[in-house]
Amino acid sequence: MKIAVCIKRVPDMDVRFKIAAIGNAVDEAGLKFDMNDFDSWAVEAALQIKDRDAATEVVIVSLGTDAVQETIRKALAMGADRGVELKTDHIPFDGLAIARALAAELKDGGYDLVLFGKQSADSSNGVVGAMVGELLGLPLVTAISKLEISGQKGSAKREIEGGQEFVEFPLPAVLTIDQGLNIARYPALKGIMAAKKKPLEVKPAQLGAQTVTVTQMELPPERAPGRIIGEGVAAVPELVRLLQTEAKVL
Amino acid sequence: MDDSFYFSEQHLAVRDTVRGFARDHVAPVAAKLDAEGKFLWDNVKGMGELGLLGVPWPEELGGAGLDLTSYIIAIHEMAKVDASHAITISAHTTLGTSPIVKFGNDAQRKRYVPLLASGKVLGGFGLTEPSAGSDAGGTRTRAEKRGDRYIINGSKIFITHGGVGEIFVVTAVTDPSRGTKGISSFILTKPTTDLETAKQIGIGHDESLPAMKGFRAGKKEDKLGWRSSDTRELIFEDVEVPEENRLGNEGEGFTNFMQTLDSGRIGIGALSLGIAEGAYEQALRYASERKQFGKPIADFQGVQFQLSDMATEIEAGRHLVFHAAWLSQHGKPFGKEAAMAKLFCSELAMRATTKAVQIHGGYGYTKDYPVERMMRDAKICEIGEGTSEIQRLVIGRHILRGLTA
Ligand SMILES: Cc1cc2nc3c(=O)[nH]c(=O)nc-3n(C[C@H](O)[C@H](O)[C@H](O)COP(=O)(O)OP(=O)(O)OC[C@H]3O[C@@H](n4cnc5c(N)ncnc54)[C@H](O)[C@@H]3O)c2cc1C
């Protein structure tokens with residue numbers, strides 16, 4: 001079995017963001033970056049298949065600047081076999097451009113599975129995995145929370161509004177991974193050592209034309225501070241009234 | 001200090017792994033283990049799997065094959081969340097395993113280090129005795145040669161992993177007429193006191209290690225801090241130890257453990273620094289959230305100044321610790337710097353945790369906030385592996401030697 005996992009390097013979300021002077025990007029100064037969470041579950045999914053079948057090859061693909069090498073090496077430290085950096089001077093917003101570059105790399109790779117996270121924590125478009133599926137002309141299942149592969153067939157569970165959906169698909173296929181599928185392993189210390197010796201290939205990304213661009217970014221308005229309207233049962237009528245008239249949630 | 005020249009990408013990767021493990025597996029149980037004084041068996045397993053119980057040992061011996069700085073990072077990062085977990089790594093690695101790696105022969109290394117480095121069993125170091133603490137040269141435990149074995153009699157006190165551990169490096173007098181040059185060290189083995197637990201979780205016990213007759217753990221200490229670390233007496237009653245279990249030559253015990261303690265000080269420095277930093281991070285967050293007089297208490301200069309002092313001293317402590325590690329790793333003399341790092345950071349741990357409790361007010365004095373535990377955990381750092389007074393003696397010896405040379 002040969003599996004590709006496409007991962008994105010994203011900023012740590014537990015910080016207060018600032019907008020850069022150019023107005024259409026986040027100020028990256030002082031930000032910490034790590035593998036997108038959804039993508040780490042995709043890596044874990046691939047590694048679990050490899051745990052069961054050691055002959056499995058897991059290839060990590062990431063598009064971005066050379067900084068993505070650190071993120072790729074984290075996946076290698078977790079246990080993946082080799083990495084490919086599709087080099088750009090920045091990660092574009094246009095999901096189709098990214099998908100084209102990834103598809104060009106994956107097309108002739110002979111992969112049985114191509115895994116993505118459902119979406120990235122920073123841009124939250126949730127389109128790249130699906131677009132790659134389309135460009136490669138492969139079966140696509142998005143937002144998977146359970147996965148089983150046996151032979152050249154797979155089955156998956158998807159969480160949908162108010163229920164669950166069970167799907168089957170033939171391999172090769174493109175899958176995007178949702179929360180709940182697994183808990184990503186930490187790179188063991190031996191893995192961190194081993195990652196240094198694993199191959200990491202750098203190639204130019206074939207992005208092609210970019211049609212969608214971000215023109216401006218704004219921070220959300222400051223949230224009004226909470227209010228305590230009273231205590232115990234006596235406060236309930238007033239609370240209900242405010243929830244109806246002011247918050248308009250009832 | 002992430003971008004500092006002390007750290008490579010690999011070091012930061014080690015830090016992230018330990019940070020993740022500490023956040024997900026240690027933080028949720030630390031308060032409970034502390035309250036119950038229970039040893040952290042479940043996490044020993046997890047730490048072993050990640051390679052945290054053999055960070056600096058070569059891969060051929062079952063270690064992770066990383067450098068000293070990586071090891072120091074692991075202790076430091078773990079101590080930010082829980083000192084008992086950090087001392088488990090440190091006592092097992094520096095005290096229990098390093099003497100065998102450094103002073104053992106090939107057969108001893110191959111026999112014991114893989115078991116220790118993988119975390120299969122825990123190790124410890126028996127030096128301190130009831131009447132030989134700071135003055136460890138005053139060892140009374142006796143090893144008498146009989147044919148091809150030694151008969152060991154005596155006892156040790158305050159031994160980390162005394163109960164839970166199975167492999168111990170122990171000092172004993174082989175020649176009473178030669179003072180410190182008559183002290184030797186031996187590898188002793190016994191089954192863990194928690195056999196049931198060990199069997200259940202599949203770690204902590206190895207059938208192939210002999211249960212040496214007459215060697216057992218004594219009373220478990222009920223301590224102020226480090227409460228989920230296991231500290232006990234070791235008792236030796238006519239323990240027969242084969243000659244092949246002697247570590248190094250007769251009479252080398254004293255100089256060997258002095259060397260072990262030298263490098264151990266960097267680890268205790270890092271552990272102390274971690275406690276200080278953990279407490280500081282808690283205090284910083286609390287001060288920005290807790291409101292009095294209509295604003296976060298962090299807005300008051302009186303609170304800010306305390307946080308600034310903590311942050312500054314922690315930054316200084318990091319330089320001491322990671323510089324000493326750098327020196328040691330590059331084969332340069334590091335004894336003075338290691339003692340300075342241990343002295344400064346252990347006293348810093350007390351200052352910083354006390355301030356952190358102060359910033360938390362009454363809440364900080366309760367077990368609802370981790371700073372209460374951190375303050376109790378800090379005190380031992382000024383005592384264990386050489387008291388602050390002894391560190392000052394060591395530093396004094398180094399700086400005076402500089403004068404007379
Ligand atoms: C939780 C815990 C874990 C431990 N783990 C281990 C372990 O794994 N292995 C091990 O071998 N030991 C261990 N120890 C023992 C520890 O190293 C000793 O307690 C320590 O070295 C001090 O010895 P002491 O307790 O006998 O104090 P003492 O040496 O009796 O000291 C009492 C006081 O006198 C001061 N003092 C002594 N001599 C001088 C001097 N010359 N000048 C100025 N002041 C002096 C000391 O600084 C101290 O303040 C542990 C102790 C504890 C509490």
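**Exercise 1.** How many helices and how many strands make up the secondary structure of chain B?

*Solution.* This is a predicted model. Chain B comes to eleven helices and ten strands.

**Exercise 2.** Why does the radius of gyration of chain B agree with a compact globule?

*Solution.* Start with the length: chain B has 405 residues. A compact globule with 405 residues would have a radius of gyration near 22 Å. Chain B has 21 Å, so the two agree. Next, take the box along the principal axes: the C-alpha atoms fill roughly 80 × 60 × 40 Å. Then check burial: 55% of the 405 residues count as buried. Last, take the contacts in chain B between residues at least 6 apart in sequence: 74% of them join residues at least 24 apart.

**Exercise 3.** Describe the shell around the ligand.

*Solution.* Begin with the residues. The ligand has 23 residues around it, and B:L127, B:G133, B:S134, B:T387 and B:E389 come nearest. Go on to the elements. In chain B, α4 (83-103), β1 (123-126), β3 (149-160) and α11 (388-404) each give two or more residues. Now the domains. Domain 2 (123-251) and domain 3 (255-404) of chain B each supply at least three residues. Finish with class: ten are nonpolar, ten polar and three charged.

**Exercise 4.** Which elements of chain B give two or more residues to the side that touches chain A?

*Solution.* Count the contacts: 15 residues of chain B meet eleven residues of chain A. The elements asked for are α1 (9-36) and α2 (41-50) of chain B. The largest share, seven residues, comes from α1(B). By class, this side of chain B has eight nonpolar, five polar and two charged residues.

How values were computed: Residues are numbered from 1 along each chain as its sequence is written. Chains are lettered from A and ligands numbered from 1 in the order in which they are written. This is a predicted model: local features need pLDDT of at least 70, side-chain atom pairs count only at pLDDT 80 or more; totals for chains, interfaces and linings use all residues. Helices (H or I, at least four residues) and strands (E, at least two) are DSSP runs, numbered from the N terminus. The radius of gyration is taken over C-alpha atoms; the globule rule is 2.2 Å times the number of residues to the power 0.38. A residue is buried if 20 or more other C-beta atoms lie within 10 Å of its own, exposed if 12 or fewer, and partly exposed in between; C-beta atoms are placed from the backbone. Two residues are in contact if their C-beta atoms, placed from the backbone, lie within 7 Å. A residue is near a molecule or strand if its C-beta atom, placed from the backbone, lies within 6 Å of it. Ala, Val, Leu, Ile, Met, Phe, Trp, Tyr, Cys and Pro count as nonpolar, Asp, Glu, Lys and Arg as charged, and the others, Gly among them, as polar. Domain bounds come from an automatic or database domain assignment.
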